[in-house]
Amino acid sequence: MDNTFNEDEKLYRAVYPPSKSNMYWKTDGSLSSAAFADKKGLSVERGNNRQSSEVVEAMKETFTGCIVSVKVKDCNETNAVVKYCPSKRSKYHSEIHSSSDVILLNKSQRLYLARKAVKEYMEP
Amino acid sequence: MIISKTSSNINIIENIKKPSTVVGTMIMVSILITGNQTVTLKNDVVIEENIIKENGQADIYKSNTNNNCIFYNLPSYTNSNDSVEKVDNIVINEEKVYNLNKLDKIAELQDNWNNNDAAAFSENLIRKVKYLVSYLDIQPEIFPTACDTLQLEYDKIDGSHLEIEIGEYIDAEIFLVKSNGDEKFYTIKSDLETINKVVKEFYG
């Protein structure tokens, strides 16, 4: 893996579940853009051609809560930049930044991605 | 009835637990508010006006209902003769109580609550937003961000969307998306009057 992303590659993000005081979930069941606001870089796990079920099971070993995904092309459409940042915890770790030199996604990018996000796993 | 910290009556307040259910009906509560605590007052306490003095700050509790009620403390008033005049009427409804309780939960988040080094939210910010929520004419949905801010959101059926991002020290940042997709960003003073005006303009 390197910093090359296919447009259709999925990026997975763990989010607090509705059961935890609806921290990120609206009353209509949609995701708040606040879930995509992180001044230290929006952490995601890249799919790297894995099946979603495989990614979800791997993420559940490390994260609790719900898992949503966006595609790289969703990021491209809002001019956000995806960066491959493998870590000790995960070789799939990546981050979504606002641009090549701005980390925090702007409000428009956050809302766009929140609306594009697909629920891959919802904690029961 | 004045309740001092040394009187046995203070036990009424000390023994109060946070309510697990919401009072479903609209109630009118006349209160002088400080601190940050949700309490339930017993029937025999609520009818009379109660003034509780503690640490130089005064709380006045009074309800116009015979029912058990939810009382919510909010900051900004002190124990002085002038403070008695600053009694506000607050309409408490389920949405407001839900938001105030949610802010309590957000206040409990510890450092690294998002597993990416996000800091716990300051008491000042929580108190600030609780005050806004208590007086906002239209209730938002409230969410924490990993940018040390709280985000108030409103959505209309036509797809238009309003975000008000509030931090401890900064003005509020407004993000407005109209039904046709046009976006607008600007900042405002994060005072109640200005925010209420923005929300009312959003709903037209």
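**Close-up views of a predicted two-chain model**

View 1. B:Asp117 sits in the loop that links α3 and α4 of chain B. Its phi is near 65 degrees, a positive value in a residue other than glycine. Most residues other than glycine have a negative phi.

**View 2. A loop residue of chain A with positive phi, A:Asn49.** The loop between β2 and α1 of chain A holds A:Asn49. Here too a residue other than glycine has a positive phi, near 65 degrees for A:Asn49. Is A:Asn49 buried or exposed? A:Asn49 is exposed, with 11 other C-beta atoms within 10 Å.

**View 3. Chain A as a whole.** Three helices and six strands make up chain A. Read from the N terminus, the elements follow the order β-β-α-β-α-β-β-α-β. Along the principal axes, the C-alpha atoms fill a box of roughly 35 × 30 × 25 Å. Take the contacts in chain A with a separation of 6 or more: 72% of them join residues 24 or more positions apart.

**View 4. The six-stranded sheet of chain A.** In which order do the strands of this open sheet lie? The order is β4-β5-β2-β1-β3-β6 of chain A, with antiparallel pairing. Strands β4 (81–84) and β6 (118–121) of chain A form the edges, each pairing on one side only. On average, neighbouring strands are turned by 40 degrees against each other, direction ignored. Strands β1 (residues 10–15) and β2 (residues 42–46) of chain A run antiparallel and are joined by two bridges. Across this pair, A:Tyr12 has A:Glu45 of β2(A) as its bridge partner. Helix α1 (residues 52–60) of chain A packs on the sheet and touches β1, β2, β3 (66–71) and β6 of chain A. The direction of this helix makes about 35 degrees with that of β1(A).

**View 5. A covered strand, β3(A).** Six of the six residues of β3(A) are buried. In a regular strand the side chains alternate between the two faces of the sheet. On one side of β3(A) lie A:Cys66, A:Val68 and A:Val70. On the other lie A:Ile67, A:Ser69 and A:Lys71. Both faces are covered. β1(A) and β3(A) run antiparallel, with six bridges between them. One residue pair here is A:Leu11 with its bridge partner A:Val70 in β3(A). β3(A) also pairs with β6(A), antiparallel and over three bridges. There A:Val68 stands opposite A:Lys119.

**View 6. The largest nonpolar core.** In soluble globular proteins, nonpolar side chains tend to be buried together. The largest such core in this model has 57 residues. Which of its members touch the most others? They are A:Val15, A:Tyr24, A:Leu31, A:Ile96 and B:Val129. Helix α4 (residues 123–135) of chain B gives this core its largest share, five residues. Setting aside residues up to four places away in sequence, A:Ile96 touches A:Leu11, A:Leu42, A:Val44, A:Cys75, A:Ala80, A:Val82 and A:Leu105.

**View 7. The five-stranded sheet of chain B.** Strands β8-β9-β10-β11-β12 of chain B, in that order, form an open antiparallel sheet. β8 and β12 of chain B are the edge strands; each has a single partner, so one side of each is left without a neighbour in the sheet. Neighbouring strands are turned by 20 degrees against each other on average, direction ignored. Four bridges hold the antiparallel pair β8(B) and β9(B). In this pair, B:Pro144 stands opposite B:Leu150 of β9(B). Helix α5 (residues 192–203) of chain B lies across β9, β10, β11 and β12 of chain B. It runs at about 170 degrees to β10(B).

**View 8. The contact between the chains.** Here 19 residues of chain B meet 17 residues of chain A. On the chain B side, at least two residues come from each of α3 (94–107), β8 (141–144), β9 (150–155), β10 (161–166), β11 (172–177) and β12 (183–188). Which element gives the most to this side? β8(B) does, with three residues. By class, the chain B side has seven nonpolar, five polar and seven charged residues.

Conventions:
Residues are numbered from 1 along each chain as its sequence is written. Chains are lettered from A and ligands numbered from 1 in the order in which they are written. This is a predicted model: local features need pLDDT of at least 70, side-chain atom pairs count only at pLDDT 80 or more; totals for chains, interfaces and linings use all residues. Two residues are in contact if their C-beta atoms, placed from the backbone, lie within 7 Å. Ala, Val, Leu, Ile, Met, Phe, Trp, Tyr, Cys and Pro count as nonpolar, Asp, Glu, Lys and Arg as charged, and the others, Gly among them, as polar. Two strands pair if DSSP finds at least two bridges between them. Axes are lines fitted to C-alpha atoms, for helices over the stretch in contact, and angles run from 0 to 180 degrees between N-to-C directions. A nonpolar core is a set of buried Ala, Val, Leu, Ile, Met, Phe, Trp, Tyr and Cys residues joined through C-beta atoms within 7 Å. A residue is buried if 20 or more other C-beta atoms lie within 10 Å of its own, exposed if 12 or fewer, and partly exposed in between; C-beta atoms are placed from the backbone.
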